Amino acid sequence: MSTNSKVYEILTKKRYNRDEPHLKDKLKERFDYFILHKKPIKLIGFWGVGPKSKLNGADLASCEFLVKLNNEVKEVYPPGIEFTFIFATLHGIHNGIIRESIDSYTKEIETIFKKFDFKFIYLNSLWKKYEISFGKIDAIFERKEKNWRSKIENNKTIEKNAENRNQRLSPKIAAQKYYIMRDLEKEMLEKEFSNSIFHAFSDSKLRNVLPNLPTLYFYSRRGWSDTPWFVTEDR
């Protein structure tokens, strides 16, 4: 079996993946490129913020889970994986999380990212570069036709998530503005990370809020599918 095939087999194992990859052929092409040029496999994804101001065991376990995956890849391809996370601070602001809590949490996560050699950037810088703002989101929302949300695939799921997470808007309004925000971010991510592989702690049910990049749907930790930043109690 070629190195390319071995890497693909590891990165798509069911122990790590919640769902079938998106754009499998392009995913394989990215592997081929990185391996041909002896470069680390570039994976980009969001690291969100939730109601907690301090990291806990869930955050640590998620990082260790990804390190285990990387170590397995390194056994067949020594350059391994280069994980880069986008701190989704502005998603937290949308949900009504206070700035002090966001800053405290992300600073602690920065520390463990450095320990595990994960790279990170902040969503704020990307929004600025691609001229995305809450004002722009609100303006698009105001121009939408009545009942446009009914045309959004899985709008009920997005509303349910908003009901559980958003502390400042009604679930329907929060969900619609969240969808607009993520829709604007798709083009941003597709341009900024055109040569990377996207990954998410989710499955393909929310495909419509993710960029059209080759995508891996990871478990957050072994046997768990919940995102670590929303886990407020150690398990």
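## Aromatic pairs

Across the whole structure, which is a predicted model, a search finds 21 aromatic pairs. One of them joins tryptophan 47 and phenylalanine 113 in an edge-to-face arrangement, with 5.2 Å from centre to centre and 90° between the planes. This pair links distant parts of the chain, since tryptophan 47 belongs to strand E1 and phenylalanine 113 to helix H5, 66 residues apart. Both tryptophan 47 and phenylalanine 113 are buried.

A second example brings together phenylalanine 201 and tryptophan 229, whose ring centres are 6.1 Å apart and whose planes meet at 45°, so the pair is tilted. Because phenylalanine 201 lies in the loop between strand E4 (197–200) and strand E5 (215–217), and tryptophan 229 in the segment after E5, the pair ties together parts that are 28 residues apart in sequence. Phenylalanine 201 has 8% relative accessibility and therefore counts as buried, and tryptophan 229, at 8%, counts as buried on the same cut-off of under 20%.

## Charges over rings

Two lysines are placed over aromatic rings: the charged end of lysine 144 sits over the ring of tryptophan 148, 4.6 Å from its centre, while the charged end of lysine 177 sits over the ring of phenylalanine 141, 5.2 Å from its centre.

In soluble globular proteins, nonpolar side chains tend to be buried together. Here the largest nonpolar core has 36 residues, of which Leu11, Ile41, Trp47 and Phe218 touch the most other members. The elements that contribute two or more residues to this core are H1, helix H2 (24–36), E1, H3, E2 and H5. Leucine 11, leaving aside residues up to four places away in sequence, touches Asn17, Phe31, Ile41, Leu69, Val73, Ile81, Leu216 and Phe218.

## Helix H3

Helix H3 (residues 57–76) has 20 residues, which at 1.5 Å a residue should span 28 Å; the C-alpha atoms at its ends are 30 Å apart, in agreement with that expectation. At the start of H3, a side-chain oxygen of asparagine 56 comes to within 3.1 Å of the backbone nitrogen of alanine 58.

The buried residues of H3 are Ala58, Asp59, Ser62, Cys63, Phe65, Leu66, Leu69, Asn70, Glu72 and Val73. An α-helix has 3.6 residues a turn, so residues three or four places apart point the same way. The buried residues of H3 pack against helix H1 (3–11), strand E1 (41–47), strand E2 (81–87) and helix H5 (99–115).

Terms used: Residues numbered from 1 in each chain as written. Predicted model: local features only at pLDDT ≥ 70, side-chain atom pairs only at ≥ 80, totals over all residues. Heavy atoms only, no water. Helix = DSSP H or I, 4+ residues; strand = E, 2+ residues; numbered from the N terminus. Expected span 1.5 Å × (residues − 1). Buried < 20%, exposed > 50% of the residue type's maximum accessible area, 1.4 Å probe, protein only. Contact = heavy atoms within 4.5 Å. Polar contact = N/O pair within 3.5 Å; in protein donor to acceptor, adjacent residues only side chain to side chain. Phe/Tyr/Trp six-rings, centres within 6.5 Å; stacked < 30°, edge-to-face > 60°. Lys NZ or Arg CZ within 6 Å of the ring centre and 35° of its normal. Core = buried A, V, L, I, M, F, W, Y, C linked by side-chain atoms within 4.5 Å.
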